[in-house]
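This briefing concerns a single protein chain. It covers overall composition, one selected residue and the confidence of the model.

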Amino acid sequence: MSDLGSEELEEEGENDIGEYEGARNEAGERHGRGKARLPNGDTYEGSYEFGKRHGQGTYRFKNGARYIGEYFRNKKHGQGTFIYPDGSRYEGEWANDQRHGHGVYYYVNNDTYTGEWFTHQRHGQGTYLYAETGSKYVGTWVNGQQEGAAELIHLNHRYQGKFLNKNPVGPGKYIFDVGCEQHGEYRLTDMERGEEEEEEELITVVPKWKATKITELALWTPALPKEPTSTDGPGQEGPGAESTGEPGEEAQALLEGFEGETDMRPGDEDADVLREESREYDQEEFRYDVDEGNINSEEEETRQLDLQD
C-alpha cells in the first residue's frame, strides 16, 4: 500500500503581514474578498473575516501544492481539495486543518482510498483499491491501519475475515468464483530476520494460512416444470414422487462439505408429511373398499339362499 503523498503543509498566518489587496472592515482588518501574498512566497485568494481566512478560498504553496476549499478562522474546515507536491490529492471533509470525515485520497501510484477519516488518518469504514492488481480491501481501519472485519477482493476470488496491523488473523474463508469455498484460519508466526547490535533480534510477524475445510462445487441446474401426477389407483403415487424432497448428488456433496449441516434441505419436512398423509389416506380408502366389498358379498349370498329355498 502506498503511504500518503506528503505531510500536511503548514500555512503561514497573515495578520497583516505581506501584501494584500481586498476589502477591509471599519477596524482595518481584512474582511470580505481579497488577495494576499505572504512573505514566504505562498498566496491566498478568497474570503476573509475579521482578519482571518474564513469561507471559500484557494491557498497556493510556493512548492506547487494548493488547497481549494472552505476555511474557518484560518483553519481548513468543511469541504476541500488538497493537491500535494507529488501529485497525489485528497478530496473530502476537513476539521481543524486535518482530514476528518468522509473523503477520497488519490495516491501517486493510482491507488485510491474512499472512506472515513479521523484526525488526518484512515479510520472507520473504507475501501482501498490497488491499481496495479485491481484488488481492493473493503472493511475497517484503525489509526491508518487495516484492522477489524473486512473483505479482500481479488479478480477471481475473495477473502473474508478479520485483520490486525494490516495482517489477516483468526478464522476466515476464501470464496472462489467457480463456486467453492475454503475455510480455515490465519495464525501469526514470528520469523527471525537478522541481528542488531547487542544481539537484539529484528522480528517480523508473518501470517500463515491453515485450511480446515473445502466445500464442493455447487453447480446450478435449471428447475424443469413437473408433469401432472397420476392418481388412478388407490395407494399409488405419481411419477417422480419417490424423489420429492431428496437432494441431488451435487447438492448432497455440497451439504456433506459443511460440517454441522444436516442432509435435509428447507422444504423436505413438508414433503415427508405430505407423503405420510397420502399413504394414510390411501390405506383408509383401501380399507373402505374392502369393507364395502364384504357387505356386497353377504347380501349376494343371502340372495342366493333365498332363491334356493
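Strands are DSSP runs of type E with at least two residues, numbered from the N terminus. On that basis, Gln182 belongs to strand β15, which spans residues 181–195. The model is predicted, and the average pLDDT of the protein chain is 75.

**Overall composition**
- The protein chain contains two helices and 16 strands.
- Of its 309 residues, 29% are buried.
- The protein chain has an accessible surface of about 20,400 Å², and carbon and sulfur atoms account for 48% of that area.
- When contacts between residues at least 6 apart in sequence are considered, 21% of them link residues at least 24 apart.

**Surroundings of Gln182**
- The side chains of Gln182 and Trp209 are joined by a polar contact of 2.7 Å.
- Apart from neighbours within four places in sequence, the residues in contact with Gln182 include Gly172, Lys173, Tyr174 and Phe176.
- Trp209, Ala211, Lys213 and Ile214 are also among the contacts of Gln182 beyond four places in sequence.

**Confidence of the model**
- A pLDDT of at least 70 is reached by 62% of the residues in the protein chain.
- Residues 194–199 have pLDDT under 50 throughout, and the model gives this stretch five contacts beyond four places in sequence.
- The pLDDT is also below 50 over residues 233–305, a stretch with 42 contacts in the model beyond near neighbours in sequence.

How values were computed:
Residues numbered from 1 in each chain as written. Predicted model: local features only at pLDDT ≥ 70, side-chain atom pairs only at ≥ 80, totals over all residues. Heavy atoms only, no water. Helix = DSSP H or I, 4+ residues; strand = E, 2+ residues; numbered from the N terminus. Buried < 20%, exposed > 50% of the residue type's maximum accessible area, 1.4 Å probe, protein only. Contact = heavy atoms within 4.5 Å. Areas by Shrake-Rupley, 256 points an atom, 1.4 Å probe, with all protein chains shown as cover. Polar contact = N/O pair within 3.5 Å; in protein donor to acceptor, adjacent residues only side chain to side chain. pLDDT = per-residue confidence, 0-100.
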